[in-house]
Amino acid sequence: MRFNDAIFGIVLIVFAIAEIAYASTFPRLHGQDYGPDLFPILLGVAFAVCGGILIAKGWLARKTVPMVAVGDWAQDRGNVFNVALLLASIVFYILASSWLGFIPTSLLILIVLLLRLGTSLVTSLIVAFATTFIIHTLFAKVLLVPLPWGLLLPIAW
Amino acid sequence: METVLKAFTLIADPYTLGVMLLAALFGLFVGAIPGLTATMATALLIPFTFFMDPVPAIAAIVATVATAIFAGDIPGALLRIPGTPASAAYCDETYAMTKKGLAERALGIALVTSVIGGLTGSIVLSMSAPALAEFAIQFSSYEYFWLACLGLSCAVIISTGSTLKGFVSLFIGLFIATIGIDGTAGFPRFTFGSVELMGGVSFIPAMIGMFAISEVLRYVASNRATIAVPQQPVGSVFKGLGSILYKYKINIFRGSSLGAVIGILPGAGADIAAWITYAISKKRSKEPEKFGTGHPEGLVDAGAANNASLAGAWVPAIVFGIPGDSITAIVIGVLYMKGMNPGPMVFIERPELIYAVFIAFFIANLALLPLGFGAIKLSRQILKIPRRVLMPVILVFCMVGAFAINNTVFGITVMLVLGIIAYLMEENGFPVAPAILGIVLGNMVEDNFMASMIKADGDPLGFFSRPIAATLGILTIALWLTPLLVMAFKKYTNRQRQERAV
Amino acid sequence: MPFLKTLKTLALSATVVGAATFVTTMQAYAEYPERPITLIVPWGAGGGTDATGRMIAGLLKNELGQPVNVVNRTGGSGVVGHSAIATAPADGYTIGVVTVEIGMMHWAGLTELTGKDYTPIALYNADSAGIQVRADSEWKSAKDVLAAIKANPGKHKGSGTGQGGIWHLALAGMLQDAGAAADAAPWVPSKGAAPALQELVAGGVDVVTSSVVESSALIKAGKVRSLAVMGEARLGAFPDVPTLKEAAGSDWKMAAWRGIAGPKGMPDEATKKLSVALEKVYKSSEFQEFMNGRGFGLVWKPGAEFATWMEESDAALGGVMKAVGLAK
């Protein structure tokens with residue numbers, strides 16, 4: 001998804017204003033004129049300056065660069081769906097992995113994504129199971145990363 | 001000479017050598033897995049070192065770290081997922097080489113320069129540890145502030161495309177670094193009440209998101225294969241390397257020595273060494289326009305630098321018990337446990353142990369050559385897997401890696417958000433590398449700035465009050481002003497010429 | 001419909017109680033611990049808390065017959081890790097290292113958590129603050145330090161950890177106890193004792209009030225001198241360093257401490273088993289050797305004694321933080 005520079009400029013300036021406003025509520029250091037607010041405010045000013053230049057550049061180039069150009073992918077429904085599915089899988093993992101457990105969550109995400117991207121059912125299943133169990137063994141068993149067992153806790157090995 | 005011989009017999013023990021081999025394999029493995037850093041590898045090793053003699057214990061750590069830093073280059077080159085933060089600086093460069101079909105060449109260069117850098121670092125460590133530590137310990141917050149500023153200037157050099165967008169990217173990184181409890185007053189900034197955010201945005205999930213997730217997104221959004229390029233059969237990993245390395249012999253020397261020096265400074269480790277040397281390489285290059293397109297030059301510098309810095313970090317650790325990086329922070333603990341309490345006295349009391357450590361560095365780096373060769377051969381098979389199968393698998397690896405660094409799904413949230421931001425940035429011509437540099441250096445700039453202001457009671461002249469600080473400060477400001485002066489001078493001469501023409 | 005509603009509630013409660021009984025009997029049948037235990041360390045890999053935590057985890061494994069996995073949950077001045085311990089399921093399978101900061105964070109308004117939110121198992125370490133100066137400093141004793149700071153408030157800078165950290169309170173409290181303003185020596189925040197000591201040696205600050213142990217390498221290197229220790233008695237490893245009382249007649253004491261605790265409401269069986277195992281670990285020669293080798297102070301206070309310790313520490317820290325203006 002491509003935007004004209006001016007759009008980014010506006011976003012940056014709005015962000016800078018909000019950020020400076022919020023940062024100036026930070027407390028000062030005990031008996032000093034500067035504190036945790038100093039750096040964020042300096043950054044906010046920098047954002048605003050860059051935003052201003054971007055707006056100017058984008059405005060000058062408005063004839064050749066449209067304000068918003070959705071890439072080729074957005075024309076293709078399938079690709080839009082792929083992106084949504086990918087993002088949804090990550091969100092699903094974040095929300096579900098602790099109670100569902102790593103193994104079921106990973107299997108589910110892998111099978112769905114593999115099938116969607118055009119891998120055959122048998123290959124998908126083999127890849128999903130192999131990947132999940134290899135990752136689980138490597139991380140949870142060898143490297144002691146506490147991947148959640150979730151529903152599988154009673155049969156944890 | 002007698003102590004050196006004694007040290008050799010300590011290392012040449014079959015048990016010690018066996019431990020080193022196992023540790024090296026372990027390091028290769030952990031380093032190649034995104035989300036698990038060389039620091040993590042060392043921490044995982046500690047329980048085993050409890051039950052070892054001092055020499056095998058330390059040698060195991062040396063071997064693990066040396067191989068882990070190289071191994072981080074492998075997923076970086078093949079999949080655009082830097083295995084450790086030290087590989088982030090040239091991740092895009094090696095990935096671009098892979099896209100050209102030169103994966104083996106890229107990794108071959110990374111391997112050989114790692115070995116050379118590592119050996120150089122070892123030489124620096126063994127020849128001049130006490131003297132160098134004496135220099136490094138003179139650095140106060142003023143010096144570190146200027147050093148970090150110099151590091152930030154690299155952002156402009158390394159950014160490809162528009163300088164303005166490079167700046168925006170850098171500021172985004174610096175802003176991300178301000179999230180969390182601030183180092184000066186202990187005040188939670190931009191956390192909106194979230195306990196997880198109080199800890200700040202962890203670097204590893206951020207890096208995985210900005211490199212790997214944005215790449216996966218680009219793949220599913222475009223449906224075009226990101227690396228469908230058939231890899232050129234180079235024949236051997238090492239074939240043709242000789243001429244490349246000969247061509248860039250100055251780069252190897254520069255990267256190795258700078259890397260070792262940066263490593264010696266406490267608080268600046270392999271990742272910062274790689275960024276700075278990569279930027280210097282581009283700045284000094286005859287063909288800077290080729291950087292970022294799969295050009296080996298910067299890789300030569302930075303690949304040598306990050307391994308060289310590892311040994312450098314041991315200098316202040318052994319001499320003063322001040323860690324040069326997060327790995328040596330753990331090492332100091334092990335040294336204490338093994339009765340090799342850090343301090344100049346250890347050179348007098350147990351010189352054979354110190355020499356044994358030095359020898360372990362040489363052996364570990366030499367062993368990296370065949371081991372790394374094997375790892376490259378094995379891992380390049382990954383490229384033969386069709387993308388549609390590989391991408392979902394990468395996604396799961398990334399999520400587990402982002403989880404592993406702090407053992408919380410919050411890491412995955414960070415990865416997701418920054419992945420989307422990085423994707424949008426890259427689609428619109430904003431380079432990602434400066435943002436990552438900003439995250440790396442943000443706290444170092446701010447903390448040292450604030451500490452210096454407090455020390456100087458707010459007087460800006462304090463930043464020039466010490467000889468090294470003043471030198472670094474003037475150097476930095478000169479570096480910043482030069483392009484402006486050059487531009488002004490050019491404009492002036494142009495006008496004169498035009499006037500004369502009229 | 002009230003009757004139906006009651007019936008529904010009754011049925012629901014019966015199910016819940018039934019399920020709960022079932023779960024508890026299940027637990028009672030299996031001997032604790034039947035699976036690996038997680039030990040949360042709220043500080044980063046490589047630090048003192050991490051080192052002691054990993055040592056304990058390694059030795060606990062032998063006592064309990066189950067692996068004890070160390071998990072670093074860092075960030076937010078310890079808030080993140082301490083919250084993770086307190087909010088973990090109270091089944092005895094997640095415990096953690098609780099550090100002195102638990103009595104500080106809530107005063108600073110960073111969290112609601114206090115020592116009362118944990119099941120205390122045992123305190124195993126406490127390190128008194130020391131007063132460290134550069135080797136070539138003109139200050140020869142703690143008295144000199146106090147006199148110089150009093151004579152020139154604001155001129156001499158101190159460091160050792162972040163703003164409002166434990167070593168900051170050590171300095172502020174000492175100054176206040178000596179009749180000076182708590183901020184007479186402005187605090188330069190650092191990321192910990194090691195970088196602060198580096199600043200000290202480089203000439204950036206004048207005094208560092210971290211634990212004496214943390215500067216032992218620099219003391220041996222002849223770069224740093226330790227003038228006093230803010231504890232009851234001199235340290236075994238540093239018999240030449242006087243207590244603050246001996247050096248300056250001040251009663252001020254400050255120590256950082258570490259203990260093992262679990263979330264509130266852990267089953268008694270687990271708590272008992274853990275404290276028995278932990279006591280064995282504490283008394284083992286491996287642990288004693290390790291702690292003495294690194295110079296960590298050994299203190300043992302199990303269960304209720306640990307709870308009292310936390311309460312007292314909490315109150316003392318709150319007093320200083322209010323005086324310095326760090327409490328919300």
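Two residues count as being in contact if their C-beta atoms, placed from the backbone, lie within 7 Å. With that in hand, here's a quick tour of this predicted model. In chain B, 11 residues of domain 1 are in contact with eight residues of domain 2. Chain A, for its part, is more spread out than a compact globule.

**Chain A: fold and shape**

- You'll find six helices and two strands in chain A.
- Walk along the sequence of chain A and the order is β-α-α-β-α-α-α-α.
- The globule rule gives 15 Å for 157 residues, but the radius of gyration of chain A comes out at 24 Å, well over that, so chain A is more spread out than a compact globule.
- Along the principal axes, the C-alpha atoms of chain A fill a box of roughly 60 × 55 × 20 Å.

**Chain A: burial and contacts**

- Some 32% of the 157 residues of chain A count as buried.
- Take the contacts in chain A with a separation of 6 or more: 62% of them are between residues 24 or more positions apart.

- Chain B splits into domain 1, covering 2-465, and domain 2, covering 468-502.
- Between the C-alpha centres of domain 1 and domain 2 of chain B there are 35 Å.
- Where the two domains of chain B meet, domain 1 brings 11 residues and domain 2 brings eight.
- On the domain 1 side of that chain B contact, the residues sort into seven nonpolar, three polar and one charged.

Technical notes. Residues are numbered from 1 along each chain as its sequence is written. Chains are lettered from A and ligands numbered from 1 in the order in which they are written. This is a predicted model: local features need pLDDT of at least 70, side-chain atom pairs count only at pLDDT 80 or more; totals for chains, interfaces and linings use all residues. Helices (H or I, at least four residues) and strands (E, at least two) are DSSP runs, numbered from the N terminus. The radius of gyration is taken over C-alpha atoms; the globule rule is 2.2 Å times the number of residues to the power 0.38. A residue is buried if 20 or more other C-beta atoms lie within 10 Å of its own, exposed if 12 or fewer, and partly exposed in between; C-beta atoms are placed from the backbone. Domain bounds come from an automatic or database domain assignment. Ala, Val, Leu, Ile, Met, Phe, Trp, Tyr, Cys and Pro count as nonpolar, Asp, Glu, Lys and Arg as charged, and the others, Gly among them, as polar.
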